[in-house]
Amino acid sequence: MSLANRRILLGVSGGIAAYKACELVRRLRDLGAEVRVAMTESATRFVSAATFQALSGQPVRVSLWDESAEAAMGHIELARWAERVLIAPASADVLARLAHGHADDLLTTLCLASAAPLYVAPAMNQQMWAHPAVQANLALLRQRGVVVLGPAAGSQACGDVGSGRMLEPHELRDALVASFGGGALAGRAVVVSAGPTYEDIDPVRFIGNRSSGRMGFAVAEAAAQAGATVTLVAGPVGLPTPAGVARRLDVRSAAQMQAAVQEACAGADIYIGAAAVGDYRPATVADRKLKKRAGADLGLQLVENPDILAGLAAQTVHPFLVGFAAETHDVAMYAQDKLQRKGLDMIAANRVGGGLGFESADNALTLYWPGGSLELNRAPKEALARALVEQVAARYRAVRA
Ligand code: C5P
């Protein structure tokens, strides 16, 4: 990983996570980046400009009206100098001002004056993060191509627990490395399937399952952040397409998912099957709503669906294959059996139930591959997805590169 001679403008706004931005400057400089820091007035109440000056080795800018700083490098010059602008932490206030095009301090003026891609790492109390005003501002920024990194969920400085923690400095650094094409999956085509499948019984009924799609969507986002060109094949879920995903194919049934995955996997390097594919479908789909007949069984006949992963594994040329094994019991045994039986390169096993799995925000995974395994402890699905993608990239390099 390198950021040699890359020019990064780090914006720091007012929030307790500003202390983590100090570590971020170190991490970016360790990889050879030139970092210049612009702070909002309120950021200086958390960390002093002198701290960032010492860490970046460059003068720190706070005000538009600092004559000596303007004489050394004017703010327009600084905006042009930057190859990437990252605001970490990005407060609710700075996001609002960016969304509405304000230029009422140095940092927002720099963002308007810079043609460089803008990355924001929000950090705020979970209630503030969930506020519709904050989410509407973010939606507007995303529409304009601003990349929103995180936030993560977990315990907060204010004592709350929830979404709104700034991503860790090394995660922000990795996102910048990937943005320059140097991510762990740079140049790789990755296909991810996510969500449930619905198998129609008649025009109003179907057989489905409780997969929310969140794990697969988080994996797709993490793979994109690691520099991959990602195609996401999504079953019926109401989730927005994650940032950076190149193509999304929406499907409903297992047969449709198989066709979409097969098409997307032609020439792909890695397939991660995170979808909960229905194992059976009704033998026939009634074209009219089935009527209740009191006292009589429905006698629904089910036939087996194709196994998408096993189908890919049977082809002579196929991508590196990663499966998921969601089990209620004997997780290790079933996962290892599935790894072998389906001919996979890696399997991510999790226990469903006990507050984890399909409908929960957290998950815990054990990864198995031929000859090895690794525990990924309980964490929000987004954090787990990043850890999983890191391991997939490492195994892929070990066996294919
Ligand atoms: O056998 P089981 O359904 O538990 O295996 C789960 C893994 O296999 C998941 O990665 C899932 O996406 C994949 N799968 C599939 N096609 C099926 C059933 C499961 O690709 N018909």
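Guide: In helix α10, R214, M215, A218, V219, A222, A223 and Q225 meet K381, E382, L384, A385, R386, L388 and V389 of α14. Contact means heavy atoms within 4.5 Å. Helices are DSSP runs (H or I, at least four residues), numbered from the N terminus. This is a predicted model: local features need pLDDT of at least 70, side-chain atom pairs count only at pLDDT 80 or more, and totals for chains, interfaces and linings use all residues. Residues are numbered from 1 along each chain as its sequence is written, and side-chain values use heavy atoms, leaving out hydrogens and water.

The residues of this α10–α14 contact divide into nine nonpolar, one polar and four charged. Here Ala, Val, Leu, Ile, Met, Phe, Trp, Tyr, Cys and Pro count as nonpolar, Asp, Glu, Lys and Arg as charged, and the others, Gly among them, as polar.

Now the geometry. α10 (residues 214–225) and α14 (residues 381–400) pack at about 50°, with axes 8 Å apart. That makes α10 oblique to α14. Oblique is what remains after roughly parallel (under 35 degrees), roughly antiparallel (over 145) and roughly perpendicular (65 to 115). The crossing of α10 and α14 is right-handed: the near helix is turned clockwise from the far one by less than a right angle.

Next, the other pair. Helix α5 (residues 92–99) packs on helix α8 (residues 132–143) at about 50°, with axes 9 Å apart. α5 passes α8 in a left-handed crossing, the anticlockwise case. A92, L95, A96, L98 and A99 of α5 touch V134, N137, L138, L140 and L141 of α8. These residues divide into nine nonpolar, one polar and no charged.

Conventions:
Axes are lines fitted to C-alpha atoms, for helices over the stretch in contact, and angles run from 0 to 180 degrees between N-to-C directions. Helices (H or I, at least four residues) and strands (E, at least two) are DSSP runs, numbered from the N terminus.
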